[in-house]
Every structure is written in structure tokens, then in C-alpha cells.
Amino acid sequence: MEIVYYAIEASEMIFMSERIRVEVLTANPPTLKCREVVMNLKEAIKGLERYLEIYVVKQGQTLPKGIFPTQGLVRAFKTRSIPGIVIDGHLIFSRIVPSSQEIRNEIIKALKNKNIEVDAK
């Protein structure tokens, strides 16, 4: 079982309540669109890493032991929304390749909804 898990380490301690989870569902093996989504995500999160918990899951595989999928990821699996990006439990992008700026905007919106102050430049 191969799970690509991006553990985003913070330079200082941040409580989990001060983070949001980003889950990406890709095909198995990942298609070109799936690889583009992951590449755009990596670009989108620059400078926001300390606020994020990121999981990239291939269709048919599971999250690491002890980590449970959000309702958004379950929905993405059920509807085969590949590639799919779930931000803070909500399926935001389904079957499209959003730009890094579109992904970043949605992440910042989710952080603001949780009253997490970020310097989003």
C-alpha cells in the first residue's frame, strides 16, 4: 500500500485546531491531470505549510493508520471525483485541474473561516 503523505512540518508548534486538512484524490496510477493537480497544490501552499495537513490518496487506497477521511474525501471516493481536492472537509474541486492560485484562494478562504490569521502574500 503506497500512500503519498506530505507531512508539513511547522517551524513552531501549532495546535491541530489551527490547521486545515487538504486531501487530494488521484487515479491509481495518477493520470497527467492528477499529477498537474498535485504540482499546482505544491505551488499553492508555499508559505502556508504551517497551517496545513496534506494527504494525497490514490483511488483504491486508504489513509495512514489512525487518520480518518473527511466527509468530503468519502464523497470524492463515492462519486469518483478524480482528480478531487477536499479542503477542510469540503469537496471543492472535482474532475478539473484548478490553477495554483485558485487552490490557494480556497485554502485561504478556509483558513479565514476558521479564524486563522495568515500572511497570505
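Q: How many residues of β2 are buried?
A: In this predicted model, 7 of the 7 residues of β2 are buried, so the strand is largely enclosed by the rest of the structure. Its two faces can be read separately. Ile20, Val22, Val24 and Thr26 lie on one side, Arg21, Glu23 and Leu25 on the other, and both faces are covered.

Q: Which way do β2 and β3 run, and how many bridges join them?
A: β2 and β3 run parallel and are joined by 7 bridges. Within this pairing, Ile20 has Leu52 of β3 as its bridge partner. Together with α1, these two strands make a right-handed β-α-β unit.

Q: Which way does β4 run relative to β2?
A: The two strands are antiparallel, with 4 bridges between them. Val24 stands opposite Ile85 of β4. β4 also pairs with β5 (residues 90-94), again through 4 bridges and in an antiparallel sense; here Gly84 faces Ser94. β4 and β5 form a hairpin with 2 residues between them, and Asp88 in that turn has a positive phi of about 55 degrees.

Q: What span should α1 have at 1.5 Å a residue?
A: Its 13 residues should span 18 Å, and the end C-alpha atoms are 18 Å apart, which agrees.

Q: Which residues have the most contacts inside the largest nonpolar core?
A: In general, nonpolar side chains tend to be buried together in soluble globular proteins. The largest nonpolar core here has 22 residues, and Val22, Leu41, Leu52, Ile85 and Ile107 have the most contacts inside it. At least two residues each come from β2 (20-26), α1 (32-44), β3 (52-58), β4 (84-87) and α3 (100-113). The largest share, 5 residues, is supplied by α3. Leaving aside residues up to four places away in sequence, Ile107 touches Ile20, Val22, Leu41, Ile45, Leu48, Leu52 and Ile87. Another core, of 8 residues, lies apart from this one and includes Leu25, Ala76, Val86 and Leu91.

Key:
Residues numbered from 1 in each chain as written. Predicted model: local features only at pLDDT ≥ 70, side-chain atom pairs only at ≥ 80, totals over all residues. Heavy atoms only, no water. Core = buried A, V, L, I, M, F, W, Y, C linked by side-chain atoms within 4.5 Å. Buried < 20%, exposed > 50% of the residue type's maximum accessible area, 1.4 Å probe, protein only. Contact = heavy atoms within 4.5 Å. Pairing = 2+ DSSP bridges. Expected span 1.5 Å × (residues − 1). Right-handed = clockwise from strand over helix to strand, strands pointing away.
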